[in-house]
Every structure is written in C-alpha cells, then in structure tokens.
Amino acid sequence: MIKIEKGIPIGQKGGRPWKYKEYVYVFLSMGEGESFTVNDYNIVDSVRKYAWKHNIPVSFRTISSKEYRIWRI
C-alpha cells in the first residue's frame with residue numbers, strides 16, 4: 001500500500017546541476033574574435049548549445065584529437 005503524505009515542503013529547485021557553467025560564463029565574457037581551448041567535446045557541445053539558444057555567434061575547430069578551440073564571432 002502507498003502512503004500519501006501532505007504538507008511536505010518541496011525544497012530547492014530540483015534537477016541536475018549545470019556541469020560546464022564556468023565555460024559558458026567565460027564564453028559570455030569574451031569579446032568578438034576571442035577564443036579559448038578545451039580538451040573535452042562535451043564542453044564544446046554545451047557552449048555551442050547555449051550560444052544557439054541565445055542567438056550568440058560561435059564557431060569551433062578541432063585542433064588535435066582531444067583539443068578544441070571555441071571562438072565568439
């Protein structure tokens with residue numbers, strides 16, 4: 001049998017914490033034409049997704065097998 005409880009506070013907003021927010025904050029603080037390198041494609045994908053959602057021009061290139069450069073254009 002399932003017990004239904006009332007009056008239990010929900011607490012803080014749920015969900016997974018934002019894993020790559022420091023990279024997005026750095027990206028937002030950059031000027032046009034500036035770039036930085038990362039060594040994980042998941043970081044590139046996270047920054048690219050944020051930029052796409054907020055209509056911010058971004059570009060990236062693969063430097064080596066595990067190194068990527070992200071530009072704010």
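Axes are lines fitted to C-alpha atoms, for helices over the stretch in contact, and the angles between them run from 0 to 180 degrees between N-to-C directions. Two packed helices are described by the angle between their axes and by the distance between those axes. In the predicted model considered here, this description applies to helix α1, residues 21–29, and helix α2, residues 41–53. Their axes come within 9 Å and cross at roughly 55°. Angles of 65 to 115 degrees count as roughly perpendicular, those under 35 degrees as roughly parallel, and those over 145 as roughly antiparallel, with the rest being oblique. The two helices, α1 and α2, are therefore oblique to each other. In this crossing α1 passes α2 in the right-handed sense.

A nonpolar patch on the surface is formed by Trp18, Tyr25 and Leu28. Together these residues have about 300 Å² of accessible area. Tyr25 belongs to helix α1, whereas Trp18 is found in the segment before α1. The relative accessibility of Tyr25 is 49%, so Tyr25 counts as partly exposed; the term covers values between the buried class, under 20%, and the exposed class, over 50%. Trp18 also counts as partly exposed, because its relative accessibility is 39%. In sequence, Trp18 and Ser46 are 28 residues apart, while in space their C-alpha atoms are 9.7 Å apart.

Arg48 counts as partly exposed because its relative accessibility is 32%. Asp45 is likewise partly exposed, with a relative accessible area of 33%.

The loop between α2 and β2 (58–64) holds Asn55. This residue has a positive phi of about 50°, although Asn55 is not a glycine. The relative accessible area of Asn55 is 70%, so Asn55 is exposed.

Strand β2 includes Ser64. At a relative accessibility of 35%, Ser64 counts as partly exposed. From C-alpha to C-alpha, Ser64 and Ala51 are 23 Å apart in space, with a separation of 13 residues in sequence.

Technical notes
Residues are numbered from 1 along each chain as its sequence is written. This is a predicted model: local features need pLDDT of at least 70, side-chain atom pairs count only at pLDDT 80 or more; totals for chains, interfaces and linings use all residues. Side-chain values use heavy atoms; hydrogens and water are left out. Patches are made of residues with over 30% relative accessible area and no salt bridge: like charges are joined within 9 Å, nonpolar side chains (Val, Leu, Ile, Met, Phe, Trp, Tyr) within 5 Å. Accessible areas come from the Shrake-Rupley method with a 1.4 Å probe; for residues, only the protein chains shown count as cover. A salt bridge is a side-chain nitrogen of Lys or Arg within 4 Å of a carboxyl oxygen of Asp or Glu. Helices (H or I, at least four residues) and strands (E, at least two) are DSSP runs, numbered from the N terminus. Buried means under 20% relative accessible area, exposed over 50%, partly exposed in between (1.4 Å probe, protein chains only). A crossing is left-handed if the near helix is turned anticlockwise from the far one by less than a right angle, and right-handed if clockwise.
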